[in-house]
Amino acid sequence: MSFETVSAIPSLSQLLGHIGDDGSIALSDIREKANHELSSFAELAQKELSQFDISMPPAISLISGEGFQLSLENQHPHSDEIHNWLDGNLILARKFKEVEVLFEFVRAAESAGEVFSESSNFHIGLTSAGPIAYFEDHHNH
């Protein structure tokens, strides 16, 4: 990993917020930070989507695909415009990854000792009622 790559990755304290002197952080603080970053992601996405005259409904479900690229996971009447918007949008992809990492921390803390399926993918749904974040197992048939 190059120096530039390392310096572009937020430190744990930048990502999680305040870490106690003993190295601890409350799960409620991580959950709050995750929800804040999810809202921030949704605001950025909706601002950018409005430039293409795309609004909700219908909902837009995003997942992280190959090579740090976001993908539209559901059918949408503006799917071509959405794919073009996502293509090479590294700012949005980075924000997505930050939200994903925070929700991974929450999931791991809430399910200590549980082993998660490697086919589990993180999703962000952009809906007219607000953003949702969830994990879903995908099975290849």
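Author: A helix here is a DSSP run of H or I, at least four residues long, and helices are numbered from the N terminus. Ala45 lies in one of these, helix H3. Bear in mind that this is a predicted model.

Reader: Is Ala45 buried or exposed?

Author: Buried, because its relative accessibility is 0% and the cut-off for buried is under 20%.

Reader: What does Ala45 touch?

Author: Leaving out residues up to four places away in sequence, Ala45 touches Trp85, Leu92 and Leu126. Trp85 is 40 residues from Ala45 in sequence, with the C-alpha atoms 9.7 Å apart.

Reader: OK, the sheet. What is the strand order?

Author: S2-S1-S3-S4, an open sheet of four strands with antiparallel pairing. Strand S2 (70-72) and strand S4 (130-137) are the edges, each pairing on one side only. On average, neighbouring strands are turned by 30° against each other, direction ignored.

Reader: How many bridges join S1 to S3?

Author: Four, between residues 60-64 of S1 and residues 120-127 of S3. Among the partners, Leu62 is bridged to Ile124 in S3.

Reader: And where does helix H3 lie?

Author: Helix H3 (residues 27-50) lies across S1, S2, S3 and S4, at about 60° to S3. Helix H4 (residues 79-86) also packs on the sheet, where H4 touches S1 and S2 and makes about 175° with the direction of S2.

Reader: Which residues have pLDDT under 50?

Author: Residues 1-9 stay under 50, and the model has three contacts for them beyond four places in sequence. Where pLDDT is low, the predicted coordinates should not be read in detail. The chain averages 83, with 80% of the residues scoring at least 70.

Terms used. Residues numbered from 1 in each chain as written. Predicted model: local features only at pLDDT ≥ 70, side-chain atom pairs only at ≥ 80, totals over all residues. Heavy atoms only, no water. pLDDT = per-residue confidence, 0-100. Contact = heavy atoms within 4.5 Å. Pairing = 2+ DSSP bridges. Helix = DSSP H or I, 4+ residues; strand = E, 2+ residues; numbered from the N terminus. Axes fitted to C-alpha atoms, helices over the stretch in contact; angles between N-to-C directions. Buried < 20%, exposed > 50% of the residue type's maximum accessible area, 1.4 Å probe, protein only.
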